[in-house]
Amino acid sequence: MRPEFILQVDADLSRVACSVMVGGNAAADALKTGLRQLASVLATAPFDGLAAVIDTMVRAADLAEAGNEQETLAAVDAVWSAWKAEVEGANKPSASIETASNGTDARVEDDVEALRMDPELSGMFIVEALDHLGTIETSVLALEAAPGDTKLLNDIFRPFHTVKGNSGALGVRTVQELAHRVENLLDLGRSGKLAIGPRETDVILKAVDLLTAMITDLQRRLNGDPGQDLEGARLDLMTLVDSVIAQEALDPQLIAPIVAEESAAVQAAKASPLKRRADDTGASVKIDTRKLDSLVDMVGELVIVQSIIRDDPALQAVDERLTRNLAQLCRITSDLQRNAMAMRMVPIRQTFQKMARLVRDLSKHSGKQVDLVLSGEDTELDRKVVEDINDPLMHMVRNSIDHGIEDAATRQSRGKSATGRLSLKAYHQGGSIVIEIEDDGGGLNTERIRQKAIAQGLIDADAQLDPSVIHQMIFRPGFSTAQQVTEISGRGVGMDVVRRNIEALRGRIEIHSRPGEGTTFLIRLPLTLAIVDGLVLRTGAQRFVLPTFAVRESLRPLPEHVHTVHGQPRMVQVRNSLIPLVRLAELFAIEDAVEHAWEGTVVVLEDEDDHVALVIDELVGKQEVVIKSLGDAFGNVPGVAGGAILGDGRVGLILDAHGIVAMMQGRESKAA
Amino acid sequence: MNTTQNAGAVKTVAGLAGKYLTFALGTEEYGLPVLKVREIIKMLDITQVPQMPAHVKGVINLRGKVIPVVDLRLKFGFAPQDYNERTCVIVVEVVIATGRVLMGIVVDAVSEVLNLAGEDIERTPDFGERVDTDYMTGVAKVKGKVKILLDLDRVLGADGTISLKAA
C-alpha cells in the first residue's frame, strides 16, 4: 500500500471516529455515512487484502445506524485494529506477500513509477539502501573469516531486513522480493537452522552486487536515462537462493565454480582483522556534500577578506587593542579554515576495503592464491581525491593479480610461497600522500615491453635504454603486453588513463620493478587540493603565484652566466649545472616585461627530475592561497593550474611547474 | 545542455516577451533576458589568461569566485575601444557543454530594463548569408529605436568551451 494512501485513510478514520465521541443522533448519522464512504474507498483501492477491514467498517456502520452506542464504540475500535493490523501486515513477511512474490509479477517499470511518486523519499531510500549494501558486504567478508559468528550474521540480517522493509513500503517490488529471499536465508542462518558456509556467503555477495546494480539502475531510470535489463539475473538469483535454502544440489550453470581452498578474503581478513565496529551512528551525521562544499568555499572567502583587512595600511598604526583583536581574528579564521578543510578529508579505509572484495573475486576467478595486506587505512585524503583514485587503484590491483602474481605452481618452481602477496599502503610523506601498491609477482617483463615499444615505433631496435625508461612505456595509450586480454584487464586502455587521472589530481606515479621479485607502484598526491603555499611574483603588469614546493631556488644571475644557443639566451649556469632558461613573458605573451635574465629574477622550477629556469621581473612576496579553478569554461590552460585571489582582491594565475616544463620540452622538440 | 537543440527551435514571438536588460555597444543597442543576468558591476582589473582568443579578456574575482570575462565588442568583431567610466561588466549565466557557468561580458554602457510585449518584438530578419543571425532571438522596436535581442548561450556557449586556441 502506498504511504500516502495509508495516511489518507488514517486521517479519514480519525475524523469519522470523532463522531463516536460526540454521541447523539447527528453524530451517529455522520459516523454511519463516513464509515460507509471509507468502506467504498477501500473497496475500490488498487490494493489487496483489505477485505477484512472493509467488513469491520460495514459492520460498524450498521451498528451506528441501529443506534446502539456501546456496540458501535466496540465496532469502531475493531475497525481501527483491523486497519492497523493490515498496515503492519504490509511490512511483515506475511503469507500474502510471500505468495505474491512467488508469482513474481514485479516489474521494474512499476517500481520506477512508485519511486517517482515521492522524489524525496526515493532519494533517501536509494542513498540509504546503497549504504546498507556497503555495510553488508564488509560484514560478509568478515563472516567468511569467522563462519558461524552470530553477531556478524545479525549485522548482515538487519540491514537486509531494513532494505526489504523500505523497498516494500515504497512499493519497489523487484528489490523487495530479492531482499526478502536473502533475508529468509539469513534468518535460517542466525537461528542455527542452516549453516552459512562459503556457498551461502557467495550467494549473499551475488545478491549484494545485484541489488546494488538494481538500485543504481532505478536511479538512472528516475533521471530519465535508459536502464539495464536485470530481470533475468534477478529471477535466476532468486531461484538460486531458494535452492541454497532447500540445500539442493546447485545447478552448475547458476554459479561459478567455487574454489576449494581458503578464499583470499579469509586470508586478508586474518592479516588485517576487519574490526567489528560498534554501531556508531550517534557519532556522525550525514551532510549533503553540496552544503559542505559551500561552507568550505565561504570559509575560503572569509580568509581572503580577513587578510585584506589585516593588511590594510589604514589599520597599521592604530591602537594596540585593535591590533590585538585583529590578531585574534586572524588566529580564529586560520583555525576555522583548517577545520573546514579537514571536514573534506576522509580516511582511505573504504577504498582499500573495496579492494579486499576485488582481490577476493579476482583470485577466485583466476585460480591464483593472493594474500592482501592493507596498512595505513586511517590515512586521510580529500574526499574528491578518494573518489578519483578509486578507478586507478582498481586497475592496478587487477594488473597485479592478472599479470604480476604468478599461479601457485609457477611460484613454487621459482622458490616462492604458493600464495602471492599484494600490499596496499597509504602514508603521509612531506607535504604529500603516498599510496603504494606492491606485489611479489614476477615484475614487469622488460623485454616484452621493449619489443612492443619497438613494434609501435616508439623506440629504435638497437637503442640502449635503461629498464626504468622502458617501463615508462606502459603509460602510452593503447599499450598492453598481456598475452591474453582477460575480461577485465589487458585491453591496453588502462595505464595511460590511470596516469592521466592521477595527474588530474596534481599527483605523480612511479614504477619500481624487480624482475622475478615483484613490482611496486608509487602514487604521490598533494595533501590538500585547495590550499597552496605560494610565491607571488610579477612580470610586466601581471602577478602570478608559484607553489613553493615547485621552486628550488631563486637568484639573479650575472650576464656571463647566461648562455646563448643560436643567438638566443637558452641556458643559465647555476653553480655547476646548466639549466634551460625561458622568459615567462615569452611563454605567456606578456608585454612590458624585463628583457634580460640579469635585470630581473630567475626562479628555478623543479618538477621531479626536470628543472627550468624561469625569468620573471621580481618576487613580490609569499602568500597562502586558495586554489580556485578557472572554471569549466576554460578547459586546460597549459602552464596554469588555476587562479588565486591575491591580497588586493585581484586574481593571480597559479603557475603549474609541470606544465611549464612540458611546454619547454615541447618547444625543444619542435626546435630540434 | 545541448546547444544544437536551439538550431531548429523556432521561438514564437510571443514567447520572447518579457523583461530585458538593454545595453549599448557602440551605436547599437542589444537586449538580454533579465533571467540570465546575475548582476552588473563596474569595470575592474582583469587578469589575462594566456593563449586565449582576443575576445576572452581573462578572469576576475567575483566575491571569491573566479569567472571568465569576454569583451562583446571584440566577439562581434567591432573595433576595440578604450574602457571609460561607463564601461560595465554584466555577469550572466550561460549554458555551455559542461553545464551552467557564470561569465562576465564587457559592454560600453548599460541602459535600462525594458518590459517588452509580444507586439514590440519581431522575428530576426534575414540579412542574407553575409550576416550571421544565429545568435539573435529577435528584434525589438521601442520608441523608434531598435534593440537586438541576444541568445547568450549561442553567443558565448556555442564553442562548447572557450579554450579554443587560435588554431
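Which residues of chain A are linked in a network of salt bridges? They are A:E137, A:E144, A:D202, A:K206, A:D209, A:R357, A:R360, A:D361 and A:K364, where a salt bridge is a side-chain nitrogen of Lys or Arg within 4 Å of a carboxyl oxygen of Asp or Glu. The views below come from a predicted model, in which local features need pLDDT of at least 70 and side-chain atom pairs count only at pLDDT 80 or more, while totals for chains, interfaces and linings use all residues. Residues are numbered from 1 along each chain as its sequence is written, chains are lettered from A and ligands numbered from 1 in the order in which they are written, and side-chain values use heavy atoms, with hydrogens and water left out.

**View 1. Overall build of chain B.** Chain B contains three helices and eleven strands, helices (H or I, at least four residues) and strands (E, at least two) being DSSP runs numbered from the N terminus. Read from the N terminus on, these elements follow the order α-β-β-β-β-β-α-β-β-β-β-β-β-α. Of the 167 residues in chain B, 46% are buried; buried stands for under 20% relative accessible area, exposed for over 50%, and partly exposed for what lies in between, with a 1.4 Å probe and protein chains only. The chain exposes about 8800 Å², and carbon and sulfur atoms supply 51% of that area, which is computed by the Shrake-Rupley method with a 1.4 Å probe, only the protein chains shown counting as cover for residues. Among the contacts in chain B with a separation of 6 or more, 57% join residues 24 or more positions apart, a contact meaning heavy atoms within 4.5 Å.

**View 2. An open sheet in chain B.** Strands of a sheet pair through backbone hydrogen bonds, either parallel or antiparallel. Here six strands of chain B form an open sheet with mixed pairing, in the order β8-β1-β2-β11-β10-β9, and two strands count as paired if DSSP finds at least two bridges between them. Its edge strands are β8 (109–116) and β9 (121–122) of chain B, each of which pairs on one side only. Strand β2 (residues 28–33) and strand β11 (residues 145–150) of chain B run in the parallel sense and are joined over three bridges. B:Y30 stands opposite B:I148, which belongs to β11(B).

**View 3. Salt bridges within the chains.** Side chains of opposite charge can pair when their charged atoms come close. Over all chains the count comes to 45 salt bridges. One of them joins A:R450 and A:E447, with 3.5 Å from N to O; because these two residues are three residues apart in helix α18 (residues 446–455) of chain A, they are separated by about one helical turn. A:E447 is partly exposed, at 41% relative accessibility. In chain B, B:R38 forms a salt bridge with B:E93, and the closest N and O atoms are 2.9 Å apart. This pair links distant parts of the chain, with B:R38 in strand β3 (residues 37–42) and B:E93 in strand β6 (residues 88–96) of chain B, 55 residues apart. B:R38 is partly exposed at 48% relative accessibility, whereas B:E93 is buried, with a relative accessible area of 19%.

**View 4. Where chain B touches chain A.** The contact takes 25 residues from chain B and 20 residues from chain A. About 1800 Å² is buried between the two chains, and carbon and sulfur atoms give 65% of it; this buried area is the accessible area (1.4 Å probe) that two parts lose on being put together, summed over both. B:T47, B:P50 and B:V66 supply 28% of the area that chain B buries against chain A, more than any other three residues. One salt bridge is counted between the chains, and the side chains of A:R650 and B:D45 meet in a salt bridge at 3.9 Å, N to O. On the side of chain B that touches chain A, β4 (56–62), β5 (65–71) and β7 (99–107) of chain B each supply at least two residues, and β4(B) gives the most, with five residues.

**View 5. Two residues with positive phi.** Most residues other than glycine have a negative phi. A:R575, however, has a positive phi near 50 degrees, and its place is in the loop between β12 (568–574) and β13 (577–583) of chain A. A:R575 counts as exposed, at 58% relative accessibility. For B:Q51, phi is also positive, near 60 degrees, and B:Q51 is found in the loop between β3 and β4 of chain B. At 33% relative accessibility, B:Q51 counts as partly exposed.
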